[in-house]
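Reader: Pick one part of this model and take me through it slowly. I'd like the cut-offs spelled out as you go.

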Amino acid sequence: MNKEIKTEDAFVSVYLDTVSSRIRIDDYGGTLASVLNIIEDETKPWVEKLIIKSRDNDLSFFLSNGFVNEAHVKSYFLGTDMYFVTKYFTPDRQKSLVWDEEELILKSILKADVPHKEIDVSDVCIASKDHTVDLASLYKAVFPKYPTPISDPDYVAETMQGGTVYVFIREQGKIVSAASAEIDSIYKNAELTDCASRPEMQGKGHMKKLLSKLEKLLVHQGIRCLYTIARAESVGMNSVFHQLGYHYSGRLKKNLIIYSGFEDMNVWYKNI
């Protein structure tokens, strides 16, 4: 649930995620002390992790108030860098049992060459509300757990109404792969997310096509900062973003519930 709080000295845009026991501060303004007071008031007992999207100039303030920097995205705020600063409230939430394995996965991916060739996106379709049922069905089949109710057609339709763009590939009349872009029209950035392919379609290059199509659409809309938050244990998805020229910039520890449960998430970005 999104919530905006205003006082005389500050405002804070809060995303309350009770499913993953966290809150995320997507935007803020005013005196930093007042911003922090608002955030502290919103940090209820159920919150295990707090995330703030900090501006470059404010990073030292948050670090001096007990936050740690886990990742960053260059040019997120209309050319100004953004830092994911975090604070944990339970010992278990700040401890990853698979961190070393994820490091090995990342190192092997970063060693691979980045191909420089045009990707054919002629078979990629832009979704409309007519496709919400099929999209929801795909997501339900691919993800046992997901941080948003993406398997609900009404939710997919609602996100479309809010400006999220979905693209998909269909084979034999069925949507087999899809991805989306959540566009921030104020700060001119977009998160590439909701990437899914049916198991029998994985490894066929669909995701590169989908993401390349989204990039072309976003450029036409004046979006220059693209980023994603990918499951750190997913060799395939992290490889795709590396091969498309995205830069790895950090890992969010036990960031949210997805696929198997609480998972670490890698941050990748590209400025185009």
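Author: Let's start with the lining of the second largest pocket: 5 of its residues are nonpolar, 3 polar and 6 charged. Here nonpolar covers Ala, Val, Leu, Ile, Met, Phe, Trp, Tyr, Cys and Pro, charged is Asp, Glu, Lys and Arg, and polar is the others, Gly among them. Keep in mind that this is a predicted model, where local features need pLDDT of at least 70 and side-chain atom pairs 80 or more, while totals for chains, interfaces and linings use all residues. Residues are numbered from 1 along each chain as its sequence is written, and side-chain values use heavy atoms, without hydrogens or water.

A pocket is an open set of points on a 1 Å grid over the protein atoms alone, where a 1.4 Å probe fits, with protein on both sides within 12 Å along at least five of seven lines; a lining residue has an atom within 4 Å of a point. This one holds about 290 Å³ of space, counted as what probe spheres fill when set on the points, which are joined across faces, edges and corners. Among its 14 lining residues, Lys 117, Ile 119, Ser 212, Glu 215 and Leu 244 are the closest to the centre.

Which helix gives the most to that lining? Helix 6 (residues 206-220) does, with 5 residues. Helices are DSSP runs of H or I, at least four residues, numbered from the N terminus.

Elsewhere, Asn 238 sits in helix 7 (residues 235-243).

Key:
Helices (H or I, at least four residues) and strands (E, at least two) are DSSP runs, numbered from the N terminus.
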